[in-house]
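Student: I'd like to learn how to read surface patches and salt bridges in a model. Could you walk me through them?

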Amino acid sequence: MKRIYSVLGVLIFLFSIQAHSQNNDSTAAFKLSGYVDAYYALYSDSVGNNNYQQFPDICPKSNVFGINVAQLTGQYTSKRARAVATFHFGDTPTSAWSPVFNIIQEANAGLRICDKLWLDAGLFKTHIGTEALLPKDNITSSLAVITYFEPWWQAGAKLSYTPNDKFLICLHVLNGYNTYVDNNKKKSFGLAFNYYFNEKGNIGYYNLIGDEFPDGTPSSHLRILNNVVFTYQLTPKFKAIIGADFITQQHSYIADTTKTANIYSGIISLKFQAKPKFAIYARGENFTDSQGMLTGVIVDSKNKLTGYVLNGATLGFEYKPMDNAFVRLEARDLIMDKDQLIFHNANSKTNTNSRLEAMINIGVTF
């Protein structure tokens with residue numbers, strides 16, 4: 001209850017800022033918006049009643065009705081200043097969000113330095129990823145495994161430059177990889193670059209460079225994340241999103257710590273708008289972290305040390321009775337490397353390398 005009162009207090013404060021600023025700036029405006037997403041899901045992996053599944057993000061519990069997220073956003077904009085604060089609750093923030101400032105999805109403020117150049121600072125949602133964090137912003141409801149292991153939240157400052165309507169360039173200085181509070185004296189740096197071909201499509205390149213190991217670690221563990229995303233509306237009814245990640249980290253090879261470890265990942269998502277209110281979508285994904293750079297190291301069925309290697313296929317159906325509401329029915333099959341038996345089937349009492357999942361979720365924005 002104290003958290004809810006805190007959220008209401010901040011939103012009232014933003015309202016007061018807006019009321020005061022309108023006396024000094026005729027361009028000032030304040031907007032309050034929200035989003036609620038409810039779900040029911042079933043998983044073949046048996047993790048126990050009311051426990052979170054492996055890779056817990058969207059619809060993370062099996063055989064229960066739940067809330068992915070319920071959030072409120074206050075946004076202030078004017079000619080020279082801007083600010084946004086989003087507060088969220090639900091299974092996704094509990095299972096997958098930062099334990100520090102847990103109810104804050106983002107909270108940052110910005111000033112216009114000059115025409116087309118802004119400086120913002122505070123807590124941000126990630127600038128990395130083929131997929132966004134919430135179902136309302138993606139073709140699919142579930143998130144690909146690479147999205148789960150990419151940074152979701154970040155703290156720092158960014159410069160945003162929009163020379164024209166085709167380019168967007170952002171430079172980031174951050175505390176680190178998927179962290180609000182820094183764990184060492186080193187800072188991370190990121191770039192976001194978008195080029196818009198036309199109203200049909202765009203291409204983006206995003207990166208993050210930093211060392212997340214504690215101060216005093218004998219060797220460097222510089223991590224470089226590269227993410228490329230291509231989005232295109234092929235026809236009025238057919239949309240495609242293709243993304244690829246390549247991540248490197250020094251001194252992180254399992255068998256030889258002098259070597260650099262690599263992660264490879266790819267996503268392709270397709271959506272076909274069969275009717276004005278009905279769509280069919282599909283996604284294929286690959287994730288290879290054989291050295292356990294992000295997933296951690298496990299022992300497979302052959303007693304070999306390894307990191308996660310998997311493929312996944314998703315198929316779903318979407319019904320949108322109105323622009324701000326949707327219902328999705330979705331199924332996915334995740335298949336690990338044949339020797340990585342990380343899932344458990346309670347019926348057969350055996351471990352397996354695959355997981356079937358099905359979910360239905362309803363989302364409304366307002």
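Tutor: Let's start with naming: helices (H or I, at least four residues) and strands (E, at least two) are DSSP runs, numbered from the N terminus. Here, Phe278 is found in strand S13. Two ground rules: this is a predicted model, where local features need pLDDT of at least 70, side-chain atom pairs count only at pLDDT 80 or more, and totals for chains, interfaces and linings use all residues. Residues are numbered from 1 along each chain as its sequence is written, and side-chain values use heavy atoms, with hydrogens and water left out.

Student: Is Phe278 buried or exposed, or partly exposed?

Tutor: Buried means under 20% relative accessible area, exposed over 50%, and partly exposed in between (1.4 Å probe, protein chains only). Phe278 has 31% relative accessibility, so Phe278 counts as partly exposed.

Student: Which residues make the nonpolar surface patch?

Tutor: Patch members have over 30% relative accessible area and no salt bridge; like charges are joined within 9 Å, nonpolar side chains (Val, Leu, Ile, Met, Phe, Trp, Tyr) within 5 Å. Areas come from the Shrake-Rupley method with a 1.4 Å probe, and for residues only the protein chains shown count as cover. Phe272, Phe278, Ile280, Leu315, Phe317, Tyr319, Leu329 and Ile360 make a patch of about 670 Å². Strand S16 (309-322) gives the most, with 3 residues.

Student: What does Lys271 form with Glu318?

Tutor: A salt bridge, meaning a side-chain nitrogen of Lys or Arg within 4 Å of a carboxyl oxygen of Asp or Glu. For Lys271 and Glu318, the closest N and O atoms are 2.9 Å apart. Lys271 lies in strand S12 (residues 261-275) and Glu318 in strand S16, so the pair ties together parts that are 47 residues apart in sequence. Glu318 is buried, at 3%.
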